[in-house]
Amino acid sequence: MMLLAGLLLLTACQRDGEQSAELYVFGTIVEIKLWGVSQQDASHAFAEIQQMFQAMHRDWHAWEPGRLVDINKAFAEGRSATADADIVEMIRRSQELEASTGGRFNPAIGALIRLWGFHTSDYPIQGPPPTQAQISGILDLHPSSLDIHIDGLELSTDNPAVQLDFGGIAKGYAVDLTIARLRAMGIGNAIVNAGGDLRAMGTHGDRPWRVAVQKPGGGNVGSVQVEGDEAIFTSGNYERFRQDQAERYPHILDPATGWPAKDIASVTVITNEGILADAVATALVVAGLDGWPDVARALDLQQIAVVDENGTVYLTPAMDQRLQFSGEVERVIVRVQ
């Protein structure tokens, strides 16, 4: 479906004071809910957002023909490339986040992601992993978003190994742009949920929005009541992976080793921006059980829940106050300040 249409408006419906629509983009279902909006205004908003997502899908895709593929081709050939303002903004933010996470978030490792076979929408992938020699061949070139030079909309790099893949940041930025566009339309109560990663603003009538926090392997860990304008993102190793006879290899790669991140099944982060929550959740998975508190501390993050591969939940004190668990779980409070 994605290959044929890129984006498809699946449903649109009205229930009480709620207007909702579902889109298929970025390999997932994006659900948009509005409250206190007329059907006519909602239809107009959904049509405009559909066009926005169509452009994002086309321009930000790492392996289907589009602007990002053209940029990566230019980098590989030693040429400069012209981007649009949104791609430039994602690169700027990526550079900041790569530096502040100690390289644990690095969208310039697209060649590694492709080597592992993760440039696909069809999971699971079957077969053995790449060889260490293949992985080292890319790592030895040290691809980094910090290698990219920005001059207005013109991009260049001295490192042809830089291949951008926005898989760890695109949904967050897309959700932010959608919320900003809805607000510009005069809509103040909305939730944009991209496959469980979301940002909400305002209220759902006379009550706050309440959203589920995904559980590795299916179901929910619990739920969170949204306070004002917040982004809630979960990154995990349980949905997309490579499988051979001996082992399962999750799709989140450690940029330092070129191998999948271990120890952590999922991370949920609450911040005021989707782009930050998306990238940071990925970086925390890469940091592992020993390193995630240091990354949280460096970024001054207060609301984090980490689930290890045994199902134990590690929470910051602020997240412990927010997350309402749906059942009995082993909890460990971790102070990051």
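Ground rules. This is a predicted model, where local features need pLDDT of at least 70, side-chain atom pairs count only at pLDDT 80 or more, and totals for chains, interfaces and linings use all residues. Residues are numbered from 1 along each chain as its sequence is written, and side-chain values use heavy atoms, with hydrogens and water left out.

Aromatics, then. A pair of aromatic rings is described by the distance of the centres and the angle of the planes. Rings of Phe, Tyr and Trp (its six-membered ring) pair if their centres lie within 6.5 Å; planes under 30 degrees apart are stacked, over 60 edge-to-face, the rest tilted. How many aromatic pairs does that rule give? Three.

Take Trp60 and Tyr173. Their rings are stacked, 5.8 Å centre to centre, with 20° between the planes. Trp60 sits in helix H2 (residues 39-60) and Tyr173 in helix H7 (residues 170-184), so this pair links distant parts of the chain, 113 residues apart. Helices here are DSSP runs of H or I, at least four residues; strands are runs of E, at least two; both are numbered from the N terminus. Buried or exposed? Trp60 is buried, at 5% relative accessibility. Tyr173 is buried too, at 10%. The cut-offs: buried is under 20% relative accessible area, exposed is over 50%, partly exposed is in between, with a 1.4 Å probe and protein chains only.

Next, Trp116 and Trp259. Their ring centres are 5.3 Å apart and the planes are at 80°, so this pair is edge-to-face. Trp116 is buried, at 0%. Trp259 is partly exposed, at 25%.

Now the serine. Ser94 lies in helix H4 (residues 85-100). Ser94 is buried, at 1%. What does Ser94 touch? Leaving out residues up to four places away in sequence, Ser94 contacts (heavy atoms within 4.5 Å) Phe105, Pro107, Ser145, Phe166 and Ile169.

Last, helix H3, residues 67-76. Its buried residues are Leu68, Ile71, Asn72, Ala74 and Phe75. Down the axis of H3, they fall within an arc of 160°, so they line one face of the helix. That arc is taken from the directions from the helix axis to the C-beta atoms. The buried residues of H3 pack against H2, H4 and strands E4, E6 and E7. Just after H3, Gly78 has a positive phi of about 80°.
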